[in-house]
Amino acid sequence: GDSVTQMEGPVTLSEEAFLTINCTYTATGYPSLFWYVQYPGEGLQLLLKATKADDKGSNKGFEATYRKETTSFHLEKGSVQVSDSAVYFCAPGNTPLVFGKGTRLSVIA
Amino acid sequence: DTAVSQTPKYLVTQMGNDKSIKCEQNLGHDTMYWYKQDSKKFLKIMFSYNNKELIINETVPNRFSPKSPDKAHLNLHINSLELGDSAVYFCASSPRQGESIQYFGAGTRLSVL
C-alpha cells in the first residue's frame, strides 16, 4: 500500500522565516499528491494539490512541486506568519488516503 | 452552515461503557469516512461508506460499528470502551468514491477513563 514519510516536528520558526516541510512517498501508480492542514481544534482541510509530475500546487503562499523522480512533494513557504501555526499532512491521492504522521509548525512573533 | 458536523465535540466516559458519535454532511456527497487520530497526530482511516454501503473496513475491532441511515449521515457506535480508544475521531466526506479531496468535521475528542 501507499506510505508517506514526513519530517519530524515540531518545527518552530520566527515570523517571516522560510519554511520547508519534507515529504517523500511510495504509491501505486502516479496519483495526485496533496497537502492537508489542520489548524488547532479543527479538522483537516485541503491546502494544495498537484495532479501530475512537475506540477506545482500553490495556495495561501504555500507551494509544493510533484517530483516523480525523487517521489517527493516538499511543502515550502517564503515567509511564514503566526496564523500558519498548524499541523501539516502530506498524502498521495490513492483512496483510501494514507496520511503522513503530520508535522507540527509553530510560528512565533 | 457547517459542511461536515460531528457531535459531540468532547466525550468523556468510563471503561466498559457504550457510546455513539454522530456525523452529518450537507454537501450532497456520496461518500463518508471515519478516521482515528492518536495523541501523536497519526491519522488512520477506519471506515468508508458510499451511498450507505460499507466499502472500506480497515482492521478495526468489532466493538466499533458504523451505521449509515442515509448518505448524509454516518454514525459510529463503540461498545465496551477501552483506554486505548481514547483519541480524536474525525468524520469526512467526499463527492464520490475514489475522490481524494475530502472535507473533514472538527473532530470528537474521546477520553476513556
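How many disulfides are there over all chains? The count comes to 2. Keep in mind that this is a predicted model. Here are my notes, starting with the cysteines and then moving on to where the chains meet.

1. **The chain A disulfide.** A:Cys23 pairs with A:Cys90, and their sulfur atoms sit 2.0 Å apart. The S-S torsion for A:Cys23 and A:Cys90 is about -65 degrees, so this disulfide is left-handed. The two ends come from distant parts of the chain: A:Cys23 belongs to strand E4 (residues 23-26) of chain A, while A:Cys90 belongs to strand E10 (residues 86-92) of chain A, 67 residues apart.

2. **The chain B disulfide.** Here B:Cys23 is joined to B:Cys91, with an S to S distance of 1.9 Å. The torsion about the S-S bond of B:Cys23 and B:Cys91 comes out at about -80 degrees, which means that this disulfide is left-handed. B:Cys23 is in strand E3 (residues 19-25) of chain B and B:Cys91 is in strand E9 (residues 87-94) of chain B, so the bond ties together parts that are 68 residues apart in sequence.

3. **Burial of the chain B cysteines.** B:Cys23 has 2% relative accessibility; the cut-off for buried is under 20%, so B:Cys23 counts as buried. B:Cys91 is buried as well, with a relative accessible area of 0%.

4. Turning to the interface, the contact takes 20 residues from chain A and 19 residues from chain B. About 1,500 Å² is buried between chain B and chain A, with carbon and sulfur atoms giving 62% of that area. On the chain B side, the residues that lose the most area to chain A are B:Lys41, B:Ser100 and B:Ile101, which together make up 34% of what that side buries.

5. **Polar and charged pairs.** What is the count of salt bridges between chain B and chain A? The count is 0. Polar contacts do turn up, though: 5 residue pairs across the interface of chain B and chain A, both partners at pLDDT 80 or more.

6. **What chain B brings to the contact.** Strand E4 (31-37) and strand E5 (43-50) of chain B are the elements that give two or more residues to the side touching chain A. By class, that side of chain B has 9 nonpolar residues, along with 5 polar and 5 charged ones.

Key
Residues are numbered from 1 along each chain as its sequence is written. Chains are lettered from A and ligands numbered from 1 in the order in which they are written. This is a predicted model: local features need pLDDT of at least 70, side-chain atom pairs count only at pLDDT 80 or more; totals for chains, interfaces and linings use all residues. Side-chain values use heavy atoms; hydrogens and water are left out. Contact means heavy atoms within 4.5 Å. Buried area is the accessible area (1.4 Å probe) that two parts lose on being put together, summed over both. A salt bridge is a side-chain nitrogen of Lys or Arg within 4 Å of a carboxyl oxygen of Asp or Glu. A polar contact is a pair of N or O atoms within 3.5 Å; within protein, one must be able to donate a hydrogen and the other to accept it, and residues adjacent in sequence count only if both atoms are side-chain atoms. Helices (H or I, at least four residues) and strands (E, at least two) are DSSP runs, numbered from the N terminus. Ala, Val, Leu, Ile, Met, Phe, Trp, Tyr, Cys and Pro count as nonpolar, Asp, Glu, Lys and Arg as charged, and the others, Gly among them, as polar. A disulfide is a pair of cysteine sulfur atoms within 2.5 Å. Buried means under 20% relative accessible area, exposed over 50%, partly exposed in between (1.4 Å probe, protein chains only).
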